[in-house]
Amino acid sequence: MAAEAGKVDPMHQFTIEPLFGSNNWEIAGFNIAFTNSALWMAIAAAALWLFMIGGMKRQLVPNRWQMAVETFTGFIDDTLQANIGKEGRKYVPYIFSLFMFILFANLMGLLPLPLAIVGVHPFTFTSHFTVTGILALLTFLIVLVVGFWKHGLHFFSLFVPHGTPMLMIPLIFVVELFSFLVRPFSLALRLFVAMMAGHVLLEILASFIVDSANAGAGWGLVIGIPIMVLMLAISALEILVAGIQAYVFALLSTLYINDAENLH
Amino acid sequence: MPQLSQLAETYASQIFWLLAIFGLVFFVIGRGMVPKVMDTVTTRDQQIQQDLTAAEAARTKADEEEEAWRKRENDNRAQSQALINQARVAAAEQVAARLEVAQAGFDEKIADAEAQIAAARLAATAEIEAVASDAAQDIVERVAGMHIAPQTASAAVKEVMIHG
């Protein structure tokens, strides 16, 4: 993690490195190296798959694991029903995949020190706006496709709220259109910034402990111990943020899809 | 900031792997596993609903049956009560009739016996008179050496017996 000797670079943790000598893998001239980012996507997907396996026992009386899986599907189902209505059910696979994939990515990115000792550094791919941007764009595309498919050109009435005075319609239309087009960016940036900020904060606090210890045992105790306590608290907070950001992403996706389904 | 500085070299790989892996997640987990899990939940909910309905129906039926049973039981009880009463009345009547017959028999027998006793008493009295007059004759003959007529003796005895 130390970029230069004695210096801790808090941004180094976001560096993407090709793994297994895959630097030069290419499709149609585009580099598709299997990076640490891709590895952790695969790990998150595999972990999610393992989690879901436990819910596939299909017992009438569920055990705890099955209960947990059913709680998550039920949670997404309820959210969609509450925000979109009966039509919302068909989006359960997408929203569930989105929510759980992001949730697992966020949580696994927080995996702590013991792995780092053996040289395995968790990589939080949701702290890259390339990734969050693609996920946001997927939602945005679904909104566009569903909107135009269901309502045709009438979909544009989304940009003119009910009761807008005639005179104001052009202006409101532009404002609403702009706010609509900003959605994928806000969606992507929110997750990316939240994840990156938390990880940078933890890294900086950790570097304080290292630096204070290097400055002498006294400084190490006086500064290091309070910082360690603070880091514990912030780590707990980050776990909360990991869940909340995944939920916010899924919830906003749901609300945007609701606009496309039902206009307003 | 690697997100920016590495953007040009890594965006293609990021997009490719994200689409590949998220696609896998969507199709295998989202489309494959989630509907089955939700099916299980729906099936369970239906099962519970069915069980509750069945239990409710069974309870209603049990209530009805209990009601019918109670009614039947009450009827039976009333019937048996009536039977008992009937039997009691019949038995009482029978006893009364028999008592009457027996009483009649007794009365007759008592009357007979009383008549017999009266006759016997009469006969005995007559006999005593005869014996007493004979005895009186004998006593008079022995003591006084007189011979009296039987009529006289019998009249004397009668007089004594009447006067005590």
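Predicted model: local features only at pLDDT ≥ 70, side-chain atom pairs only at ≥ 80, totals over all residues.

Colleague: Understood. How many residues of chain B are in contact with chain A?

Modeller: On the chain B side there are 35 residues in contact, and they meet 50 residues of chain A.

Colleague: And how much area do the two chains bury between them?

Modeller: The figure is about 3,800 Å², with 77% of it on carbon and sulfur atoms. Within chain B, the residues that lose the most area to chain A are B:Gln3, B:Gln14 and B:Phe22, which together make up 17% of what that side buries.

Colleague: What about charges: how many salt bridges does the rule find across the interface?

Modeller: The rule finds one salt bridge between chain B and chain A. It joins the side chains of B:Arg44 and A:Glu70, at 2.8 Å from N to O.

Colleague: Let us change topic. How much space lies in the second largest pocket?

Modeller: The second largest pocket holds about 310 Å³. It is lined by 14 residues, and the closest to its centre are A:Tyr91, A:Tyr94, A:Ile142, B:Phe26 and B:Arg31.

Colleague: Which helices supply that lining?

Modeller: At least two residues each come from helix H3 (92–109) and helix H5 (129–151) of chain A, and from H2 of chain B. The largest share, six residues, belongs to H2(B). The lining of this pocket has eleven nonpolar residues, one polar and two charged.

Colleague: Finally, how many cavities of 30 Å³ or more does the structure hold?

Modeller: There is one. The largest cavity contains about 30 Å³ of space.

Colleague: Which residues line the largest cavity?

Modeller: The lining consists of A:Ile76, A:Thr79, A:Leu80, A:Ile95, A:Tyr247, A:Ala250, A:Leu251 and A:Thr254. Helix H2 (64–83) and helix H7 (217–262) of chain A each contribute at least two residues, and H7(A) gives the most, with four.

Colleague: How many charged residues are in that lining?

Modeller: The lining of the largest cavity has no charged residues; six are nonpolar and two are polar.

Terms used:
Residues numbered from 1 in each chain as written. Chains lettered and ligands numbered in written order. Heavy atoms only, no water. 1 Å grid on protein atoms, 1.4 Å probe; cavity = no way out; pocket = protein on both sides within 12 Å on 5 of 7 lines; lining within 4 Å. Points joined across faces, edges and corners; volume = space filled by probe spheres on them. Nonpolar A, V, L, I, M, F, W, Y, C, P; charged D, E, K, R; others polar. Contact = heavy atoms within 4.5 Å. Buried area = accessible area lost by both parts, 1.4 Å probe. Salt bridge = Lys/Arg side-chain N within 4 Å of Asp/Glu carboxyl O.
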